[in-house]
There are 2 protein chains.
Amino acid sequence: MKAYKANILYTPTPERFVLLEHGYVVVGDDGCVVDTYASLPDEYSNIELIDFGDQMLMPAMNDLHVHAPQYRNLGIAMDMELLPWLNTYTFPEEMKYSDVKYAERMYRRFVHDLWKLGTMRAAIYTTIHPAASCLLADILHEANMGGMIGLVGMDRNSPEGLTNTVEQWREGMEQLMIHTASMPLISTIITPRFIPSCTPEMLNVMGRMAHDKQLPVQSHLSENQSEIEWVKELEPLASCYGDAYNRYGLFGQTPTLMAHCCYTDKEEFELMRRNHVFAVHCPTSNCNLGSGIAPIRRFMNAGIPVALGSDVSAGSGFSIFRAIHYTLQMAKMKWVHSNHRDMFLSLSEAFYLATKSGGSFFGKVGSFEPGYAFDALVVDDSQLNFDNYTLQHRLERYIYLGDDRHLTHRFCQGQEITAPRIV
Amino acid sequence: MKAYKANILYTPTPERFVLLEHGYVVVGDDGCVVDTYASLPDEYSNIELIDFGDQMLMPAMNDLHVHAPQYRNLGIAMDMELLPWLNTYTFPEEMKYSDVKYAERMYRRFVHDLWKLGTMRAAIYTTIHPAASCLLADILHEANMGGMIGLVGMDRNSPEGLTNTVEQWREGMEQLMIHTASMPLISTIITPRFIPSCTPEMLNVMGRMAHDKQLPVQSHLSENQSEIEWVKELEPLASCYGDAYNRYGLFGQTPTLMAHCCYTDKEEFELMRRNHVFAVHCPTSNCNLGSGIAPIRRFMNAGIPVALGSDVSAGSGFSIFRAIHYTLQMAKMKWVHSNHRDMFLSLSEAFYLATKSGGSFFGKVGSFEPGYAFDALVVDDSQLNFDNYTLQHRLERYIYLGDDRHLTHRFCQGQEITAPRIV
């Protein structure tokens, strides 16, 4: 058992921060929070106390949508349209992951950069390649960080050299499940790339596996208009894009992440609400590709869970802190475009999405309430705090102006995480 | 005379980069570029050669819209609406600049942060306070950086304690002009805060001074809908918001910067084109305040000059590199919202806005063509360039992923600029 002393910030609810100036978090040997305190209770007077001085201590970031094999393409070709971007950059890059040596070099950098920017858990797409996907699990496990890894299924409308058969995908997933079974913070997730790239047979097998193994699901949803039209053609019996997943048991029958949801209509909205499907908001990606702005306020008002994703490499950075400020900015844009009907978000709401809301997909993660995994960041913002800002303003300035230089300690499930090795 | 060797990038035209791998820039003793070369001509074989190895060398950034006295508020209260943000944060902060000691502490940090992020010249709003404004000129001059400083005029619809009379403003400007007369890179600029905060008398005097002293002008234009309505009420004879300035000789009669232009209509568009008025695009500010997205593609197509601004502190950072990537992102958003009618921008176009287009307001600034001031940045992107990226991709990755850590040298008018002192 240990106690950490610092300026503590977290959001048990979206509405407001809990702020404890020079407060304490007590963490049990299981890596979970016992509780937070304004002053340390006598019963803990003999446990080890780590004092972070005037630094801030907050829940770590969770990235609920990221493509690990697009690591090399981060920050390039951002002035292209979706299709040339996919065909010229994304697909050729993903093909390289048949080479495990290449995969290792890139995946180690990928895990390092998650760590560097303060993301301790992520829901990750790999490629169609089981060996490279198992390797990513090894690297994440070696780093003591958490995540769900999804071997991508794609057996139609995909470039040659980047497709798998239903049988290959199924065997690859079983291999990945066995491989990760002994890794406490790593698990697998069913990952159809999206409806257009999966045959009904593939979707059927995926839905059955989700049910039989009780595995979660992740995919893309209603990212842009032409994609929605395409899905209508491919799945004419589905009442909306989301229903195309739903008909195969891939839309909330087990916990489900759907990235983007920029153009979710009434029907899909209701289906997400009923099935408790997560909308994963990836604002930098939506800006870079010119997808549109997801109606996050409406999702939140309806009780649809919302998380944040970097969507590297359509997203232009790993920082979920950056995703927080883009979320606030895009909510302001939605506000003005809706003639002020859709209210924008508060800082605490956006922070909640990145921490407790996103974290909930991994269990009790993303808060400092009792029983939550101690996933945490220590932030030395002394250079930014030159004029006695309030604690909430210090956090806000860090979110807008800070970077990895200010992160001095990172914890996942109670354990301090040091820089993962790169090769 | 000196020669610099590095990987050189610049944009003489918006359409494409000039890229010189391991090329040379020869700079004269007047601080201006003689020319760039793929290999060094014999005639320069005896001049001093500074070799930056594999680093990138590019024109420095120009910030054409920034409020220096909002420095302290950078990155706070970004989840508020415009009016509470102004009344609770901005106006009370600007009032503090009657205190020259306070002004010095903040203005030194302001200049330091411009420098840190690679901005060598800026068009700056101060406050109504002449003494603090002269002090900012001193600090910028001491740093050997360039800029235009505008004492703000505001004599109506403004909070008590933050207004000046026409006479006070005129005297303050004359004081500032005398004060900066001997500073080669510093000059003054006529600065009505915006139409609603200036009486016709103030605007009259400003227009006359712009004409008599041949001074440039900067203000705000068509930032949001309610502001436009307000201007219509205040200046019923004006055919559009821009015409309200135009009627007083403050709209292109001398070189003019107008920030935002999110809702510029046909009439205003034509007036800007005819009068060669700059649209200063401040994308992070427009996102943070939920103003809207300026039609940059349309401005560029019409030949209206466009520059970029940080608009600190409504904008959430000093980095004009960040403004470049937000410009690209917002252009993609405009593209999708216009049903793909308004084409988005290319990387070279956005870079051009930040360098040669913005720089042109200060003279021959922002390019490495012969005769241009050598305002330059040296970027060590070796950590980002781990996989043999092309030179243009290296620049793009720096723009999306880089920060001040990667800037190793900064030049303004041929002189290397070291970190300005803070107190």
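Colleague: Gly53(A) is found in strand β4 (residues 48-59) of chain A, and I would like to know why Gly53(A) is called partly exposed.

Modeller: Its relative accessible area is 31%, and that value falls between the limits for buried (under 20%) and exposed (over 50%), computed with a 1.4 Å probe on protein chains only, so Gly53(A) is partly exposed. This is a predicted model, in which local features need pLDDT of at least 70 and side-chain atom pairs pLDDT 80 or more, whereas totals for chains, interfaces and linings use all residues. Residues are numbered from 1 along each chain as its sequence is written, chains are lettered from A and ligands numbered from 1 in the order written, and side-chain values use heavy atoms, without hydrogens and water.

Colleague: Which residues does Gly53(A) contact, leaving aside its neighbours within four places in sequence?

Modeller: With those neighbours set aside, Gly53(A) is in contact (heavy atoms within 4.5 Å) with Lys5(A), Ala6(A), Asn7(A) and His22(A). Ser310(A), by contrast, is 257 residues from Gly53(A) in sequence and 31 Å away in space, C-alpha to C-alpha.

Colleague: How do you know that the side chain of His65(A) makes a polar contact with that of His67(A)?

Modeller: The two side chains are paired at 3.5 Å, and the term requires N or O atoms within 3.5 Å, one able to donate a hydrogen and the other to accept it.

Colleague: Why are α3(B) and α4(B) called roughly parallel?

Modeller: The axes of helix α3 (residues 130-142) of chain B and helix α4 (residues 166-180) of chain B come within 9 Å and cross at roughly 20°. Since angles under 35 degrees count as roughly parallel, over 145 as roughly antiparallel, 65 to 115 as roughly perpendicular and the rest as oblique, α3(B) is roughly parallel to α4(B). Among the residues that meet are Cys134(B) and Ala137(B) in α3(B), and Leu176(B) and His179(B) in α4(B).

Colleague: And what makes α11(B) roughly perpendicular to α13(B)?

Modeller: Helix α11 (residues 320-337) of chain B and helix α13 (residues 391-401) of chain B pack at an angle of about 100°, with their axes 8 Å apart; that angle lies in the perpendicular range, so α11(B) is roughly perpendicular to α13(B). The contact is made by Phe321(B), Ile324(B), His325(B), Leu328(B) and Gln329(B) of α11(B) with Tyr398(B), Ile399(B) and Tyr400(B) of α13(B).

Notes:
Axes are lines fitted to C-alpha atoms, for helices over the stretch in contact, and angles run from 0 to 180 degrees between N-to-C directions. Helices (H or I, at least four residues) and strands (E, at least two) are DSSP runs, numbered from the N terminus.
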